Amino acid sequence: METGAERQVLSNANGDYLVLLLQPGGPYEIEIGSLGYATFRRENLMLQVGDVTTIDATLDEQAIELEGVAVAVERAEIFNPQQVGPATLLSERVVEAVPLLSRDITELAVLSPLVQVTQSGGFSVAGQNDRYNALLIDGVLNKDMFGLTSGGVPGGQAGAKLIPLDAVTQYEILVAPFDVRLSGFTGGVMNAVTRSGTNETRVRAEVVTRNEALIGDLQLPTGPVEASGIDRSLVALSIGGPIQRNKSHYYISGEFETRRALPAGFNLFRDDPRLVRIGPDALTNMTDIFTGQFGGELGTGEIFSLNQDLANVFGRLDWNFDDGSRLTIRNIFSHTSNDQSPNRTAFEPYELSSNAIQREGTANSTSVQLFSPIGDRMANQMDLRVNFSSDETTPVSTLPQFDVGVLSSIDGSAFNRPVRFGGNFFGQENSLSQTAINFTNALDINTGDDILTVGVAANYYDIGHSFLPGANGEYFFASVTDLENNAPQRFQRTVIEGGADPQIDFSVLEVGSFIQTQLNAGKGLSMRFGLRVDVPYVFGAPQTNFDILDFYGFDTGSVPSGNVMISPRWGFNWQSEGEKRTQVRMGAGMFAGQLPYVWLANAFHNDGVRSVTQTCQGRITDDPGTPFAVPSYVPGSLPTACQAAPFQLSRSAVVFPDNFRYPQDLKAAINVDRELTTSLSATFGVLMSRAVNQIGLRELNIDRTAGSGPALELGGQERRFYRGLNGRYSQVLEVTNEGQDNSAAVSVELRGRIGDRLNLQMGYAYTRSFDRVSLQFADMQSNFGFTPVEVDANDPRVSRSVFDRPHKIVLSVFGRPIPWLPETEVSLLYTGQSGLPFSYVYGFDLNGDGYPGTGAAFDRNNDLIYVPERATDLPASLGTIGLFARAMESDDCIRANIGQIMGRNECRAPWQNQLDIRVAHTFDIGGAAVRLQGDMVNFLNFLNGEWGTIESIRSVVPLLEESTSDAAFVQWGGASIPIRGDDGEVGPADPWDVQSPASQWQVQLGARVTLGGAR
Amino acid sequence: MTGVAEVLTVRRLTRLLSIPLLWGFASACDDFRPQWVETIELRPDSAHLAVGESAVFQIEAFDDRGELLVDRAGRAQYSVRDTDAIQTDTANGQLTVTALELGEARFSVGLGRGVAEGRVFVQPAGLARIEIEGGDGPRTFPPGARPDLRVLLFDAQNDLISPEGFRISWAVGDPAIIFVGQVLGPVTNLFMRRSGSTSLRVTVGDVTTSVRINVQ
């Protein structure tokens, strides 16, 4: 190949031969020879990752090369005896062609109809949790195993990218690979194959830009808003070439980028106050009162710039040794800083800019791969990777967090919405550093008909994590009047006992071994049997809380360690004889995943001893004799006790049973591939997944009790009510194993060429996903607290997962369609998918289960709305009844649940359509290939401003809040639209936000210059 | 499908069959059950001490299935209400009480979800025997009679001693036959409600005696 790498193998007596562990890519040249026979030669052979390419050669005694030797290099990549499970393989041509605005390679996963983008921006593979995927680079794990973010990219909390785009030549999405060499996932596997240097030096420079002049208007319910404050500039450089021809090569690629955006949602002073539910004057009055009385920087309620800076550098060195061995060393560095948007959605407190947080992520990963042929029949692959990464979250403000209820009169209507400012509650003490060492060694033995693979794997993670929500405290003022009187309603702060370091430290060693046999049974049939055993060991433990042990029976000092997970897998590939136009792929087996270790860290942070939440409740002015009344706020200091009593103390705990096992699923899949024409193939697939050990949660610190008062009017016949069991604790969560989660998918895909000039890749999938807890968050209190409760908080029904998005259509067409402009490439990518699911909940703790509550349960609303027969049955004011009545008319989801408590994730945001196009033209100027490129993302929105809207929505929407008036029990919790319809009445705004700028057409321009190199 | 037959040799099938066996073995190792302290029993639940004497209280802890939890009792938390009658010392889940002056003290003990209450009575020294005035033989009273009965306290030398400072309580076996008009004190007043036979029991400190009473 271009790197000069050479491998030689001997065939067996039947003439069968196999060359193992070749580097994906090419072009390869193959020579087959035997004494006394003519040498067969084939050139320009390109290999996909995971490919087994069959090259049959007939050697003649005559020294003449035969015509018509069957070489199937142009066949669709999926016709491959190694392929067993559903997969999407993206060649370099696709990677190059797809309009990828973000230049984030992981986003190519959307080309699989079985992959859905989740609420948090991760990827759900066939309805599985987006934290359960494995992210690989050249087959080596490159994932943030701590799992702060759902995408799994190291440093991803700050929005880091995995790798510079130019460094990637192929990308594959394996939905259920029945290959025991791959482990550590119950979702899917995404693997990026990187570029290596070749014998020819290649230099490439690229610039990409986008600004507000190239972006369409944002369509809000009240009308269009001109794009502003959005821009991006990127510079990418890469160079690759030989160090020593045919022996050693280098490749370096860097991407440096700055982005600027605005907070998504409705922004005061720009958008109609009814959408924000706060009057500009009321906000100004509140901020004036606060700053006049206490000073401090509250930030702005207007739009403001959110900045992101990204740097990614990738380097690779390759050596080819004379004995056929190949050594590859890679280094990936990323540094990202990112301003995270404050809440400007229609629900929950409106956040000023001081409540935003800044995230910073740094990751460096070095990997070594050694491919060694051992004799003619064996090959060994050794992978070693060392990764260091850190994630820092810093609140913009050093103040405590403040919530102030702001009453506004807007066009004669009264609105009450809290305004939040000061240091973000969950960002007040939040940092992570981790070291990961991953080792895998696999030996392939070619026994003739079979390939036997044996291997071992070891992953070591050393983790230091600080997470203390509310470390700087939080004050809640019920009204601006209370703020004027400096009479807070609530104060809470979480501290570490004895002032100790909030950081927890532990390490994990995962060891595994596997054996697999790939049997070539002839007649086009190959089968694969594999068995993998994985055992995770945890080093370090929280301290034992004997009170928890004696009261709940769980030892907080014991974390699950040494529990064996066995994953047998079986796979089957049959290709029809002759031209092999039909292929059946089938597999079944167990998949053992890794636990996102942030979930395990919950047990270290929350042992019920280490940290304590100090709380005071009640206004001094209302009842001066209230012992736990909140002291007045004094700038620069925090209370050391309540007004006339010590703090009310509460602690939380997260416990794991000793026999807890990491996620494990049973999967079965069948795919039938058929070549429809020589250039077009279709695949029909069915995939089913059933949890063997998935993860659930149980709140141990609640006990059933009878409901009372107006709460009974809100689903009291069916709803269960609770009281705290042990007053020393706020929440005590048990992380359990559940076995009822399940998902199923049916998919149809079509891929190939249309005529001579266009390539096609399209697919449709119908995927359903059901679970008991969807586990979207890093902390377990959030996972429990954001799981809406239908009836029983501790026995949630198996219902729609938050990862359930039933329909997805993807269509990608690319090529050079204009005969007289052969260097002009056009690419089109359409994705259409079901909207995100969500639940309507109350914005307070209706059922008494402690959520929302103090500490980490802050703001975690989980009680599903009861829809009364008539809106007038609602214990609310006329204004709220009016809005709810309109919601009952206009919202199908609410209307479908009249007379009952709504189901979890039963509602769904609208269907999403997105059409992106790319036009690129390449010139040759003085030996340099100059490529000019224009991307238009959301072309539908360009055609019609009403089209192409991308909605985002939180999985829980607090539609009704606790009333601030004694005359009512609940009040409207969302925004309203000033005028809807002919009657001129106020109506409820949609519960979702229009994503910006994703919902606007955007043009991004780029220019790239390439000097040298064939690739 | 000759290929299948070729693939599924006996050796390979055996290999496959071992998989569910291994899985079953691994699953069988799962025996975790949370064991919390549901109830506790205080041993003893009360003590009668003379000034200067000591007693040791401890608990036994049981889970929700009634199984004894042997390693938990050492963490029992005792809470003694304000009293001058005793001095207390808690260590290793035990409560050691030393009587200081005549009187009574109550305490509670908790562990997990279990709670129990204990009492300590500090009484004069020297009580060796008690007797209901009139001897140990059965007494007979007619229905409607209201006799007074007295308990006599003796020391080791069989000399009468004063009942002052002692906690004295009276009880009958069948309250439907006899109503105890005076439950505490050295003298009780009984009301014979209807015909029948039952026992009358008097307890002084930790010494008890009884007589049979016939109502006819």
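Student: Which residue is the bridge partner of B:Arg129 in strand 11 of chain B?

Tutor: Start with the general idea: strands of a sheet pair through backbone hydrogen bonds, either parallel or antiparallel. Strands here are DSSP E runs of at least two residues, helices are H or I runs of at least four, and both are numbered from the N terminus. Two strands count as paired if DSSP finds at least two bridges between them. In this case, B:Arg129 has B:Phe154 of strand 11 as its bridge partner. Keep in mind that this is a predicted model, where local features need pLDDT of at least 70, side-chain atom pairs count only at pLDDT 80 or more, and totals for chains, interfaces and linings use all residues. Residues are numbered from 1 along each chain as its sequence is written, while chains are lettered from A and ligands numbered from 1 in the order in which they are written.

Student: Which way do strand 9 and strand 11 of chain B run, and how many bridges join them?

Tutor: Strand 9 (residues 129–132) and strand 11 (residues 148–154) run antiparallel, joined by 4 bridges.

Student: What phi does B:Asn158 take in the hairpin of strand 11 and strand 12 of chain B?

Tutor: A positive one, near 65°, in a hairpin with 5 residues between the strands.

Student: What order do the 4 strands of the open sheet in chain B follow?

Tutor: The order is 2-8-7-4, with mixed pairing. Strand 2 (46–50) and strand 4 (77–80) of chain B are at the edges with a single partner strand each, so one side of each has no neighbour in the sheet. From one strand to the next, the twist averages 25° (axes are lines fitted to C-alpha atoms, for helices over the stretch in contact, and angles run from 0 to 180 degrees between N-to-C directions). Strand 4 of chain B pairs with strand 7 (residues 103–111) in the antiparallel sense over 4 bridges, and B:Ser79 bridges to B:Ser108.

Student: Into which domains is chain B divided?

Tutor: Domain bounds come from an automatic or database domain assignment. Chain B has domain 1 (39–123) and domain 2 (129–215), whose C-alpha centres lie 30 Å apart. Their contact takes 4 residues from domain 1 and 5 residues from domain 2; residues are in contact if their C-beta atoms, placed from the backbone, lie within 7 Å.

Student: Which residues touch the most other members of the largest nonpolar core?

Tutor: In soluble globular proteins, nonpolar side chains tend to be buried together. A nonpolar core is a set of buried Ala, Val, Leu, Ile, Met, Phe, Trp, Tyr and Cys residues joined through C-beta atoms within 7 Å. Buried means 20 or more other C-beta atoms within 10 Å of a residue's own, exposed means 12 or fewer, and partly exposed is in between, with C-beta atoms placed from the backbone. In the largest core, of 219 residues, A:Leu108, A:Tyr597 and A:Ile865 touch the most other members. Helix 6 (residues 597–605) of chain A gives the largest share, 7 residues. A second, separate core has 15 residues, including B:Leu127 and B:Phe166.

Student: Why is A:Asn438 buried?

Tutor: A:Asn438 counts as buried because 23 other C-beta atoms lie within 10 Å. A:Asn438 sits in strand 22 (residues 430–446) of chain A.

Methods. Two residues are in contact if their C-beta atoms, placed from the backbone, lie within 7 Å.
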